[in-house]
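I opened this notebook to record what I looked up in the structure. The entries are kept brief and follow the order of my reading.

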Number of protein chains: 4
Amino acid sequence: MRVGIIGASGYTGLELLRLLALRPQTEVAFVTSRQDAGTPLTTFFPSLAGHPQYDRLIMEKPDNLSGRADFIFLATQHGVAMNLAPALLESGARVIDLSADFRLKTAELFQTWYEEHKAPQLLGEAVYGLPELYRERIARARLVANPGCYPTSIILALAPLLRHGLVDLSRPIIADSKSGVTGAGRTLARGNTFCEVQENFKAYKVVGHRHTPEIVQELSILADEPVSLSFTPHLLPINRGILSTIYISLREPLGVPAFRAIYRDFYINDPYVRIRPEGYAPETADVRGTNFCDLGFFPESSTGLWKIISVIDNICRGASGQAIANLNVMANCPEDMGLTGMSLRP
Amino acid sequence: MRVGIIGASGYTGLELLRLLALRPQTEVAFVTSRQDAGTPLTTFFPSLAGHPQYDRLIMEKPDNLSGRADFIFLATQHGVAMNLAPALLESGARVIDLSADFRLKTAELFQTWYEEHKAPQLLGEAVYGLPELYRERIARARLVANPGCYPTSIILALAPLLRHGLVDLSRPIIADSKSGVTGAGRTLARGNTFCEVQENFKAYKVVGHRHTPEIVQELSILADEPVSLSFTPHLLPINRGILSTIYISLREPLGVPAFRAIYRDFYINDPYVRIRPEGYAPETADVRGTNFCDLGFFPESSTGLWKIISVIDNICRGASGQAIANLNVMANCPEDMGLTGMSLRP
Amino acid sequence: MRVGIIGASGYTGLELLRLLALRPQTEVAFVTSRQDAGTPLTTFFPSLAGHPQYDRLIMEKPDNLSGRADFIFLATQHGVAMNLAPALLESGARVIDLSADFRLKTAELFQTWYEEHKAPQLLGEAVYGLPELYRERIARARLVANPGCYPTSIILALAPLLRHGLVDLSRPIIADSKSGVTGAGRTLARGNTFCEVQENFKAYKVVGHRHTPEIVQELSILADEPVSLSFTPHLLPINRGILSTIYISLREPLGVPAFRAIYRDFYINDPYVRIRPEGYAPETADVRGTNFCDLGFFPESSTGLWKIISVIDNICRGASGQAIANLNVMANCPEDMGLTGMSLRP
Amino acid sequence: MRVGIIGASGYTGLELLRLLALRPQTEVAFVTSRQDAGTPLTTFFPSLAGHPQYDRLIMEKPDNLSGRADFIFLATQHGVAMNLAPALLESGARVIDLSADFRLKTAELFQTWYEEHKAPQLLGEAVYGLPELYRERIARARLVANPGCYPTSIILALAPLLRHGLVDLSRPIIADSKSGVTGAGRTLARGNTFCEVQENFKAYKVVGHRHTPEIVQELSILADEPVSLSFTPHLLPINRGILSTIYISLREPLGVPAFRAIYRDFYINDPYVRIRPEGYAPETADVRGTNFCDLGFFPESSTGLWKIISVIDNICRGASGQAIANLNVMANCPEDMGLTGMSLRP
């Protein structure tokens, strides 16, 4: 299988390459970076040196890619993929877009939160790339919109309950999320410098983070009615990991065994969702470098609420790992092909 | 002024000594540690070397302390202070207890969450040491129960609204709190080792953390009716800092200026509460090493909720700094005496 | 191939399991921990959950192991392996000892630095498990003494020059090494708590660290004369990684191309040693989670010295990864079988 | 006393303001930042809010400063101070320059390592601002060149031995130094982003770091002969702190008591140099936020070398704290005025 990566100079590009090195029978046909074209890949990312394929790759301009790969990852910032995708699809490649460009269902919604959409004709065709929810559609898709990191952690935590109509939606669902710094990508910004992050913790975009409409869209599809969500992202002084603490009320009381059974049944065929033992609070280090999403459930008798804790590796499960899972589904390979590594812990 | 510290071998003891070094006209008359009696203080805590008073102090057994200090800090673990306080008070000293022993109002409640209380006769007399709420009673107190770190961050964030009866109490208040590792003290435990914390994040005691009754007690006093609280503590890979993200509904809609005015008026005479500018999300590094509590307010139109963000240094404002503020109030000194340092940032 | 791990409750045990999960056709036949016998492996190490083999393993007492594995890893603290190895070898298993017990050539030297040796009869047979130096002897060994982490980083950095007799040995070689905290293992100790390590840096065992005789032994064998070494270990606030900065004088001046050629030739068949491009200073993150040793060389004209910088992952290349490389050599498999992952970076 | 800060938008500016807040009778008359002129200081640095003086300050352009301050700190990058200093001195202010512009004794040397010098006429007059060495000249100086951070840690570690002619200078002194990230200032650069530094460690500018000539100059003055120095800087994943491990040979053997006595006598009147007890290895956390330089000495019998370990807070003792110590000396105030705080540890 030949794959290509457009926008390989960011952290999601690097993570794709780390993971693809472990995937059998995979040829990385090209890596592109408009800004760094001409640079050998291992000069740009010295940690990739020593791998026979990578030692030969040179960063290219994203031109003349036609026919060179069966699957193309778009690892660019939002706003770029929607310009490139139409031609790539026309050339016969199947595309997995890691940016936000094809996640929202309508051009209007995209424009409200981002900018004018340049390829609205593809929005209906693009499949939201969460295999647990859309595996069959992903298998047939030409264009997969790889989910955002926060959305992945929150949607997987709520899908079984919402699908079964168990959540009291008369009040907002609260999702208090904490992310490592790779979530911000490799772009230089004051807020991502070591001295601003180390020994510090803060919320950011406290209201109106751009992942909100994507989460609301998917939760509402699952519930088959509008869902109100209060989402707050925070910045953790770690490289990798998202932990979402989610507070919900149920329509009717549910015992712990029944509650857990709903999740076990829903994810019975999903190798990457781990229902944690009762009382165990998932930790981000448990999933570092993996495609797992770990879930823990905590009923609180004094308030009647349930707390759901969800952890993923934001750059693996929340981006590049999930992209490769989607590749596996699209290519009719085992879904965990190349993704069987356990957490690098500690 | 002569002060003494019982249980000086922990991090709150160390922080008391750091802060007292900056307080004028303060003599540290003794430091005790049953386990480390006989050790010179600066052998135990080398960072304190070079300070003339500290270079002479030797850790003592907590015996024969009578008459040697006007104010005594109890920096021991819970369960110890209630055994020591009666005799110390009888000897004429005034006592500031940094443990949980005198924070709850009834022996029954204490027994439910901790163990049998050994000095229940003092519970009625002990004053909860949050100067913003109880300044006048603290000034006259013989025994001050220094608040917990999580409670300080949450109570200060909610006091003005609750006192004015503005919060919709028909549903639980949600407080999602994140703390640095000093909050766990200096005791050895697997969960506090570097390799378990670094590049990791988790919730712990997801339901039923022992600070819950203390917070509920004070919030209910402020509201003058029972308050339901869903509190979740998390462990941050930093030394110092607590950030609490609090989600509330108001009984009636309130504009931003009116909301902010309520806080400004409530804390008008309080040097340590900083109402942050609109849109600024408080960061733990802003308060590192200080007695400040910084507050930020975020209305969310899509859900109708308000998010309140509160940050403190858990071991300064949440323990030793607050203890010295209480000392200042008790001794009729300026409340910020010895506490005027700005944050060590970065 | 059936392998077993004795002393699986430490970090080297966990790392062995992480790596073995990626190794094809490998059955982990047993894991032992005297203290935690009876605990399911994934209860002890939740990050290993979801792996079919590991989900079934239970920690055992290290008894009744005879005939159950072809290769046994001893991942215990020093002093334990020398008691267990004789019986394990007698039972027909081949043994890879990750502790210090069989690294020194004489019982006298071991007693000077550790304690009385309990199996001195095996010291002559044990092979020092550095594949780059002893590949052929490892292939035939019954008992391999897996090198220490500091020794691995320093010996690989110096072997080519010493073998060629190029270093001026009239003055001490200086090796200034810095290690992550996993190097101290999983044992509880004040110095390994988060609050003592975070935002801190220190040297420890400044003179006389126990890895010194092991390094001196191997350097002297390479040089075929006694080598004087000044070795200083430091503790980095990171989980994984050792960087050694080594200062040497050459007997005769050597140009950069000639110097580099000596290393390239020496390591021509070694997949894990990466000679870095001129001017590139190796970083510990480049080798995180891998078996690579990266080397950089810097001539300093103003002093006439050469600086050699060497980085490894102390718990992978410096312990468990190297143990699996030794397993591969002993089993006549490709040396990098199961070890082809690239660095988890960032 | 009226002081002003030119270039207040960097971390040394922030640290000056943190420290000046604790200094009695000090008025910060102005803060400048050409780029951020017009911004209220506490908008720029929210951690400074709540301080009466700072709440009123607005960042200015560095014009029209004449007569507004008795002492002016130049906290700009190198290359700026040499353009501003002449006019500031002419206006009657006394100047403490935290940059490199006036540290080297000749314009030629400056040009070799930096660029053409714009105020060479001041190089003879500028006093190197290390109070332990030049206290009396600092007291009378108009222009003080505040030392670099690495030089401070290395010069203080070697001054007593060199002044007494005890070091064998026939071979290079080796200084292996490790610094926190604040040493790189507040400028945006890839290498200072969190994801590149966290869980990483590396050397940088392995040969020819710009602090080398400054260190060599001062060591040679102390020794009264040319000193050869091999200096290697490394980047620690911490905010603050430098630890230098220094390797020397003595001309003649010296016992530990005699060695230690030389240091004690040399620094007998210096409040900021702490000679650590035998066997104690200084830690950067011991000096965090303080002006201390802690020294430890370790003879190594197997090699005949001495190892000297020196720690400072690079941004306090290595920059802003030392600048205020110089201010104190220049103003004939107690040298530790405003600098008596103990380390913020943990």
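Entry 1. I note at the outset that the model is predicted.

Entry 2. I looked up the sheet of chain A. I found an open sheet of 7 strands with parallel pairing. I wrote down the strand order in chain A as β3-β2-β1-β4-β5-β7-β6. I then marked the edge strands of chain A, β3 (59-60) and β6 (127-128), each of which pairs on one side only.

Entry 3. I examined one pair within chain A. Strands β5 (residues 94-97) and β7 (residues 143-145) of chain A run parallel and are joined by 3 bridges. For V95(A), I recorded L143(A) in β7(A) as the bridge partner. I also recorded that helix α4 (residues 81-90) of chain A packs on the sheet, where it touches β1 (2-6), β4 (71-74), β5 and β7 of chain A. The direction of helix α4 of chain A makes about 165 degrees with that of β5(A).

Entry 4. I turned to chains C and D. Here 39 residues of chain D are in contact with 38 residues of chain C. On the chain D side, the elements that each supply at least two residues include β8 (173-179), α8 (194-197) and β10 (229-235). I noted that this side of chain D divides into 19 nonpolar, 10 polar and 10 charged residues.

Entry 5. I found 13 residues of chain C in contact with 13 residues of chain B. Helix α8 (residues 194-197) of chain C gives the largest share of the chain C side, 3 residues. That side of chain C divides into 6 nonpolar, 5 polar and 2 charged residues.

Notes:
Residues are numbered from 1 along each chain as its sequence is written. Chains are lettered from A and ligands numbered from 1 in the order in which they are written. This is a predicted model: local features need pLDDT of at least 70, side-chain atom pairs count only at pLDDT 80 or more; totals for chains, interfaces and linings use all residues. Two strands pair if DSSP finds at least two bridges between them. Helices (H or I, at least four residues) and strands (E, at least two) are DSSP runs, numbered from the N terminus. Two residues are in contact if their C-beta atoms, placed from the backbone, lie within 7 Å. Axes are lines fitted to C-alpha atoms, for helices over the stretch in contact, and angles run from 0 to 180 degrees between N-to-C directions. Ala, Val, Leu, Ile, Met, Phe, Trp, Tyr, Cys and Pro count as nonpolar, Asp, Glu, Lys and Arg as charged, and the others, Gly among them, as polar.
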